[in-house]
Amino acid sequence: MVALTDVEVEALGSHGFFVRDGFLGDAQALAARAAALARVDAGTLRPAGIRRGADRSLDAAERGDHIEWVMPGAAPELEALWLRFQALGDAVSSGAYLGLGRFDMQLACYPVGTHYARHRDAFPGQSNRRLTAIWYANADWKPEHGGVLRLFPEDTGAPVDVAPVLDRLVVFLSERLEHEVLPVHAARLALTAWFYGRGQ
């Protein structure tokens, strides 16, 4: 069961995002981190692409992460996170009236020296993502590790930096918030769920 606080609902509406720590709890967070690391060590991740219209191309100047799409049941240790994301979608639908339906889940690892240039997660002219939820799997993160998520809220004009610490969740409106990943100085792990509207 996931429920949004009044503060989170207000933040999502006014700023386009909110941050929550302790999304899974210590034991489940460490298990999910271990599962994510095992996928990376198994060599199943591939360089991510940049979407331009109907085409996908690799452009390390814009994006340097390696990714794998995660399906239900494919990694049992990540099932708790999958179910938690599912409950989050239900909570946002009822609490913030977004009418969310299905979601995709992706594991991303940023090697040292990579980044992701400023962008939005929703692509024009397609069945758009409505909500982005990012869960971080970086134990013992320190500022010198880099890889901070920088958000660009429209209402403040000033960027907001979010450290990618273990079991932190960042939720934002996919079509509204531009964001970027600053240069990474220690390998950075995240699992992201992108939610679509009902019927998409």
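Helices here are DSSP runs of H or I with at least four residues, numbered from the N terminus. With that in hand, let's look at this predicted model, starting with one serine.

S93 sits in helix 3, which covers residues 79–96. Is S93 buried or exposed? With a relative accessible area of 10%, S93 is buried, because buried means under 20%. Its side chain reaches the backbone nitrogen of L100 at 2.8 Å. Leaving out residues up to four places away in sequence, S93 touches L98, G99, L100 and R198.

Now for the charged residues. Side chains of opposite charge can pair when their charged atoms come close. How many salt bridges does the structure hold? There are 10, and the table shows some of them.

| Salt bridge | N to O distance |
|---|---|
| R102 and D104 | 3.3 Å |
| R120 and E154 | 3.8 Å |
| R176 and E154 | 3.8 Å |

R120 lies in the loop between strand 7 (116–119) and strand 8 (129–136), and E154 in the loop between strand 9 (149–152) and strand 10 (160–162), so this pair ties together parts that are 34 residues apart in sequence. R120 is partly exposed at 34% relative accessibility, while E154 is exposed at 51%.

E154 also pairs with R176. R176 is in the loop between strand 11 (168–173) and strand 12 (178–181), so that bridge ties together parts 22 residues apart in sequence. Zoom out a bit, and R118, R120, E154, R176 and E178 are linked in a network of salt bridges.

As for the R102 and D104 pair, R102 is partly exposed at 39%, and D104 is partly exposed too, at 23%.

Technical notes:
Residues numbered from 1 in each chain as written. Predicted model: local features only at pLDDT ≥ 70, side-chain atom pairs only at ≥ 80, totals over all residues. Heavy atoms only, no water. Helix = DSSP H or I, 4+ residues; strand = E, 2+ residues; numbered from the N terminus. Buried < 20%, exposed > 50% of the residue type's maximum accessible area, 1.4 Å probe, protein only. Polar contact = N/O pair within 3.5 Å; in protein donor to acceptor, adjacent residues only side chain to side chain. Contact = heavy atoms within 4.5 Å. Salt bridge = Lys/Arg side-chain N within 4 Å of Asp/Glu carboxyl O.
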